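Subject: Structure handover and notes

Dear colleague,

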Amino acid sequence: MPFFFDTHAHVQNEKFAADREAVLARARMAGVRRILNLGTRLADSREVVELAHKHRDCLAAVGVHPTDLDAWSEAEAKGLMQLAEDPQVVVYGEIGLDYYWDKFERNFQRDIFRRQLGMARELRLPVSMHCRGEGCYADLIEDLRAERGEEIGGVAHCFGGTMDEAKALVDMGFALGVGGTSTFPKSDDIRAILRTIGIDHLIIETDSPYLSPQPRRGKRNEPAHVVHTAQGLADLFGLDLRDIAHLTWCNATGAFRLPKSARLMPLEVRGDALCIHLTAMCPEKRGHRLERVLRSSEIIPKLGREDFAACSEVVFCEAGEPFVRIDTIAEVGKALRDAGKRVAVRADGLAEQHLREPLDFRIASDCVDALRVVLNAHDAESYARFCHPGEAASAFEAILQFITHAKPHFDDIAITCLDADDVDADAMRKLGTELGVAVEFENALD
């Protein structure tokens, strides 16, 4: 199952009072693993922080919304600064300008917007910005430039401006928030802008309980519905839904400066082997960002590069579970075998759990010389402690099932694990015997 990041929601809103826990449960069932809830004034922001402390998949943003400026005061500003010190607060917002409702004089709105930009800079937090109404983006961009917005960063929530305005924001380092409005039949203009700007600058959001995507239009929005927006982007860019989920997650992680690990190149040489990363979903490497998702039609022409052609072996690596893209393994693997290369796959064994269905390993068995399943634990408890998988209760059993399903189709299949003190070597050998596969131990520094 793809993992999604709803980067803009208001689950603290009173419209969720009767079923908030059920709403969050539905989000998790849909694959939404992270939700950023945003405050609109100090009292509301406190509720957002409380929600983040109660639910580990919720993050918090605090600020005063441009339609709630009746709450603005020095005491409000001081309270927000203090609240923003909470470790669950990762963004300052929702702030910005609103010329649609025009509840407050525009110069006053701009003054408070710039004041809150300064607060965000002092707090070293990125911002989430609201901008709606004729002429609004021009003023917002002018104010960002005046406040050195490129030093602050963040997202233009529910972007609805022009191409030039989109480019100006992206040039300053801001992501563009894509919500339910992008799925409306009459949103061709905004879809054209998003396509031109490119997926690397987009993140997905719901703005729950508002702005439901087309399949749910007219009904209360909720974080689970972010999947509809993601599917819209998948259709727009001709990508798989899993790729959109991964790319927008990584874009959000970067825009909000959340903890992250290494950036992975799709193709890289390690020693005498060419490593191909198809995804970055492995729980042991959570936070890795795949620089770009490549299709087989893009990978195959690159295989003739001098440095790649010199490699004796090609490995589809476990930095992401490669078998979720088994068709790509088959297509690229055939080209590699035709070129006389040895092809190996290092998997984390969770592909069937991600896909929610058994794999037909026959698709790739003829073009894979060796399959290694990386498993550094002999039981479910140890695996959950070591890897922190998203579905800990069933992940270990899913890996064992994966090995059982794959074993008849690959002549060379083994479990690999670290030769380390916290790995029970005897128990790993016993597990391999029970499964009928070899167990190989690797140096932790390899």
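Two strands are said to pair if DSSP finds at least two bridges between them, and helices (H or I, at least four residues) and strands (E, at least two) are DSSP runs, numbered from the N terminus. Residues are numbered from 1 along each chain as its sequence is written. This is a predicted model, in which local features need pLDDT of at least 70 and side-chain atom pairs count only at pLDDT 80 or more, while totals for chains, interfaces and linings use all residues, and side-chain values use heavy atoms, with hydrogens and water left out.

Strands

With that in place, β3 and β4 pair in the parallel sense over 3 bridges, and within β4 it is tyrosine 92 that stands opposite valine 62. β4 is also joined to β5 by 5 bridges, and these two strands run parallel; here aspartate 98 stands opposite arginine 132 in β5. Because 10 of the 10 residues of β4 are buried, this strand is largely enclosed by the rest of the structure, where buried means under 20% relative accessible area, exposed over 50%, and partly exposed in between (1.4 Å probe, protein chains only).

Elsewhere, strand β10 (residues 267-270) and strand β11 (residues 273-276) run antiparallel and are joined by 4 bridges, with valine 269 having leucine 274 in β11 as its bridge partner. β10 and β11 form a hairpin with 2 residues between them, and glycine 271 in the turn has a positive phi of about 65°.

Nonpolar cores

A nonpolar core is taken here as a set of buried Ala, Val, Leu, Ile, Met, Phe, Trp, Tyr and Cys residues joined through side-chain atoms within 4.5 Å. The largest one has 75 residues, and those with the most contacts inside it are Tyr92, Met129, Leu169 and Leu233. Helix α8 (residues 226-237) gives the largest share of this core, 7 residues. Apart from it lies another core, of 52 residues, which includes Leu278, Leu303, Val368 and Met428.

What does leucine 233 contact, leaving aside its neighbours within four places in sequence? Its contacts (heavy atoms within 4.5 Å) are Val178, Leu194, Ile199, Leu202, Ile204, Ile244 and Thr248.

Helices and their cover

In helix α3 (residues 74-83), the buried residues are Glu76, Ala77, Gly79, Leu80, Met81 and Leu83, and the elements that cover them include α2, β3 (58-62), β4 and α4 (106-123). In helix α6 (residues 163-171), the buried residues are Glu165, Ala166, Ala168, Leu169 and Val170, with β5, α5, β6 (154-156), β7 and α7 included in what covers them. After α6 comes glycine 173, whose phi is positive, near 95°.

Aspartate 139, which lies in helix α5, counts as buried because its relative accessibility is 18%, and it touches Leu97, Tyr99 and Arg110, not counting residues up to four places away in sequence.

Pocket and cavity

On a 1 Å grid over the protein atoms alone, a cavity is a set of points where a 1.4 Å probe fits but cannot get out, and a pocket is an open set with protein on both sides within 12 Å along at least five of seven lines, lining residues being those with an atom within 4 Å of a point. Grid points are joined across faces, edges and corners, and a volume is the space filled by probe spheres set on the points.

The second largest pocket has a volume of about 960 Å³, and of the 36 residues that line it, the closest to its centre are His130, Arg132, Cys158, Asp207 and Leu211. The count of cavities of 30 Å³ or more comes to 2, and the second largest cavity holds about 40 Å³ of space. Phe159, Gly177, Val178, Gly179, Thr181, Ser182, Ile190 and Leu194 line this second largest cavity, and β7 (174-178) and α7 (188-197) are the elements that give two or more residues to its lining.

With best wishes
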